[in-house]
Every structure is written in structure tokens, then in C-alpha cells.
Amino acid sequence: MSDYDFDLFVIGAGSGGTRASRMSAAYGAKVAVSEEYRVGGTCVIRGCVPKKLLIFGAHFAEDLKDARRFGWDVPDCRFDWPTLRDNVLADVDRLNGLYTQGLENNGVEILLDRATVTAPNEVTLGSGRKVTAKTILIATGAHPHVPTFPGSEHGITSNEVFHLETLPKRVLIAGGGYIANEFAGIFNEFGSKVTLVNRTDVILRGYDAQVRDRLLQISMTKGIEFRFFAEFEKIEKQADGSLLVSMSGHDPIEVDCVLFATGRVPNTEGLGLEAVGVELDKGAIKVDSDNRSSVPSIYAVGDVTNRVQLTPVAIREGQAFADTLFGGKPHQVDYHCIPSAVFSHPPIAAVGMTEGEARNKLGSVKVYTSDFRAMKNVLAGRHERALYKMICDGVTGRVVGLHMIGPDAPEILQAAAVAVKAGLTKDAFDATVALHPTMAEELVLLK
């Protein structure tokens, strides 16, 4: 009989935590997971899933207009925010139930309570109950960062945006990353006046410069305003409920909502980690390639670590953790060539090195591009252009990066990312017959 209450105690029932819990239990481990909010975590409850549903809703704004050019007699349509909001939240409830059921079906004990680490093999719940475990896994994710300045409490984050009572007519979005640009597109399509404020003049740092410049150009054409080199000074709430935002280098702006999308912070504060010897890196848990922290009995996966903050990565880490510790199939996550997407309007997708990274690392590179209007946009009378870009090793011809902006770019890139991961060459793409007429065929016709 075990000296511990559980073989594994998981703190956090998000994407990484639920995968690790479910699979470890399926391998025969006695597992408990604590969650202080809702099972499913950021992605399912207040992140990528509900956000993608809003993005689908936003696309109808352009689709309804375009339909007229395709012969459909579409009347002027009114958007009703509460209908979409409530339907999205109902789907979140459905997914929360499915995630809960998946854990219960595998025998995982779910404790809806906050847990803190009080010893290398002990956690204490908010109720005061102490629980011991041979292994503790931290999978608490991250939360939105809110800058501190006078009046910053009047802003909201991506956590609250899904619960807005009314659709704001004027929105200021702080940040230049993927969350900022995605919500800029969403609110703009819903009819809000959107102003994106960033402290530098670079959006989507880490993506290929040519692709992010194309998004900036298209976004401005769609009516999104950008204010660069701006630092917040204060937000004042006025008598009518509007917000007067003052910033350096620009005139004050009056808006109805300020949305902070200024990065995410690992959820380690108050967990008791440092007291038991867990080493942190700027608030994130430092782990080795097997997800183990500086304390041998404590592991971590997902956004709470100092690695990649992406849901599919957290799931892979949770799977590798369970396979290695309880499944007898030890392996490690390969972080090379992770594809990513920005669900902006239009969306961006990328895998591998940017042109700048490739030139710095390889020296000799060859770049192939296709700059075109999607067939649907041509008939719809939209001048918006897609851009596909392939980066190749100048010596071997191996494809080391693919970068795309245009309709359905993430859907197209997923399959192409397999080729990049496999180390295929430009010749392999050229030898593949085009699937015509599609946007994806541009990938095998690049010049």
C-alpha cells in the first residue's frame, strides 16, 4: 500500500493538466486534480475556443456583404452581441462538462478548490485539507498581464471580454501581439471603432516582417487605427461612463472600453513553490526536458513553465509526462518547428524560421513568394491580397520556413507544416501536382 494519498496530484485542470491527469489515471495511477475555477482551463473556458467562435461570428460581416456579388439578395443585417455571447458561453459550458466527464470516466478525483504546495509531497486545499502525493504536477497556466498606472483598473482583459453586457462602440486595445490583433479584427467586424495602442511600432513580434506588414496594411484599410510609440499615462472614467485615455506622444482618446492584451504571466504566485525549493525564471517554473522542476517530486507543464505558451504544446507536454512516469513509454516533446497562427482578419499562419532568422543562422537562403488575390475576393470586389512566403536553405534547398497571410491560412498551413517538419525540399513541393483551383495550390507554384 502506498505511503501517499495519491500517486499523482495535479494542480490546474487546463489543457495540459487534464491530459496528464486522464492519461496517468488510464495507466493505473491514482490521480487527483484540483481546479479553483472551471475544468478546461484558459483555452476552453476563456481563450482560444470561445475566441475562435467570436472570430467565426465576425467573418459573417464580410461574408454577408460579399454574398450580394454572388447573386444573393441579402438585406442589411443587424448584429446582436448578446445572442452570440450567450451561445458562445453555452458552448463553453458544454465543453466544461465534457472535460469533467473525461476525467471522471478515467477515475480521476476532481477537487474544485485552490491548492498550494506545502511540502515536496504535500498540497493543502483551500478548505484546509492536506493531501499527500508521490508526484505533484503544476499545470496552473497563466493570466493576462495588466500594466500599472493611474486608472488601469478601468480596463478589462481577455478574461472578461467574453462577458461584456453590451458591444462597445469605441474600443482601445493595448498591445501588439496575437491577442490584440485578433480582438482588433473581431471588434472591427462587429462595427466598433477600434484603436490599437502599442509601445513600439512592431506588431506580432516574432512573425515574418513582410507578413506582419501586410496585416498592418490590411487592418488600416479596414478602418483599424494604430497608435505607435505610446505609453499609458492615465485612464479617467467620465460622468457618462466613457473612458478618457491619456498616453505619451498622442492626443487623449475617448472610448467605451479598454482591453489590455499586453502579455500573459505564469500563475505561480501564492502557490508556495519557492518555499519548497522550486526554482523560478521570472515567475515561470524552470523545468528540464522531462518536465521536472528543481524539486525531484514536482513537475510542471504548459504556460506556467518557461517554455512555449501554446495549448497544443501543453497537451503534448501533459502526454509526455504521463507516458514517461506512468506509461512505460518515456519520451520528450520536440519543440522544433512548432506551427502557430494568428486568427486576425485575414489570418496569419507560420512554421519554422522567418526570413531574417534564416539569413542570420544559415547565411545563404532563397525566398519564394506568391502575392495574389483569392478568387473569392476578386468576384467580391475586395482588393485584399494574400501573401505566401517560403524560406529555403540556399545550399540544400530544404524548406526551413513557411509564412502565410490570407483566407484559411491556418487550415492550409497545418498540412504544409508536416513537410517542413520532415525536412522536405522546394523540389518536393514543385514535384507535387497543384490542386486547382485553390489558394493552397500556390504552395507548389511558388517562384
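Which hand does the crossing of α3 and α5 have? The crossing is left-handed; a crossing counts as left-handed if the near helix is turned anticlockwise from the far one by less than a right angle, and as right-handed if clockwise.

## Basis of the model

This is a predicted model, in which local features need pLDDT of at least 70, side-chain atom pairs count only at pLDDT 80 or more, and totals for chains, interfaces and linings use all residues. Residues are numbered from 1 along each chain as its sequence is written, and side-chain values use heavy atoms, with hydrogens and water left out.

Helices (H or I, at least four residues) and strands (E, at least two) are DSSP runs, numbered from the N terminus.

Two packed helices are described by the angle between their axes and the distance between the axes. Axes are lines fitted to C-alpha atoms, for helices over the stretch in contact, and angles run from 0 to 180 degrees between N-to-C directions.

Helix α3 covers residues 48–67 and helix α5 residues 178–189; their axes come within 8 Å and cross at roughly 40°. That makes α3 oblique to α5. Angles under 35 degrees count as roughly parallel, over 145 as roughly antiparallel, 65 to 115 as roughly perpendicular and the rest as oblique. On the α3 side, the contact uses Lys51, Leu54, Ile55, Ala58, Ala61 and Glu62. On the α5 side stand Tyr178, Glu182, Phe183, Ile186 and Glu189. Contact means heavy atoms within 4.5 Å. By class there are 7 nonpolar, no polar and 4 charged residues in the contact of α3 with α5. Ala, Val, Leu, Ile, Met, Phe, Trp, Tyr, Cys and Pro count as nonpolar, Asp, Glu, Lys and Arg as charged, and the others, Gly among them, as polar.

## Helix α1 and its partners

Helix α1 (residues 15–26) packs with helix α7 (residues 311–325), the axes coming within 7 Å and crossing at roughly 25°. The two are therefore roughly parallel to each other. The crossing of α1 and α7 is right-handed. From α1, Ser15, Gly16, Arg19, Ala20, Met23 and Ser24 take part; from α7, Thr311, Ala314, Ile315, Gly318, Gln319, Phe321 and Ala322. The residues of this α1–α7 contact divide into 6 nonpolar, 6 polar and 1 charged.

Helix α1 also packs with helix α4 (residues 81–105), at an angle of about 25° and with the axes 8 Å apart. α1 and α4 are therefore roughly parallel to each other as well. Thr18, Ser21 and Arg22 in α1 meet Tyr99, Gly102 and Leu103 in α4. The class count for α1 with α4 is 2 nonpolar, 3 polar and 1 charged.

## Salt bridges

The whole structure holds 26 salt bridges. A salt bridge is a side-chain nitrogen of Lys or Arg within 4 Å of a carboxyl oxygen of Asp or Glu. Glu109 and Arg129 form one of them, at 4.0 Å from N to O. Glu109 sits in strand β3 (residues 109–111) and Arg129 in the loop between β5 (122–125) and β6 (130–138), 20 residues apart. Glu109 is partly exposed, at 33% relative accessible area, and Arg129 is partly exposed at 38%. Buried means under 20% relative accessible area, exposed over 50%, partly exposed in between (1.4 Å probe, protein chains only).

Asp208 and Lys389 form a salt bridge with the closest N and O atoms 2.8 Å apart. Asp208 lies in the loop between β10 (193–197) and α6 (209–221), and Lys389 in strand β23 (residues 386–393), 181 residues apart. Both residues, Asp208 and Lys389, are buried. Asp371 bridges to Arg214 at 2.7 Å between the closest N and O atoms. Asp371 lies in strand β22 (residues 365–372) and Arg214 in helix α6, so the pair ties together parts that are 157 residues apart in sequence. Asp371 is partly exposed at 36%, whereas Arg214 is buried at 12%.

## Backbone details

One joins His345 and Pro346, with omega about 5°; Pro346 is in the loop between β20 (340–342) and β21 (348–352). Another joins His436 and Pro437, with omega about -10°; Pro437 is in the segment after α11 (426–430).

Phe229 has a positive phi of about 50° although it is not a glycine. Phe229 lies in the loop between β11 (225–227) and β12 (232–237) and is exposed at 53% relative accessibility. Cys337, also not a glycine, has a positive phi of about 65°. Cys337 is in the loop between α7 and β20 and is buried, at 14%.
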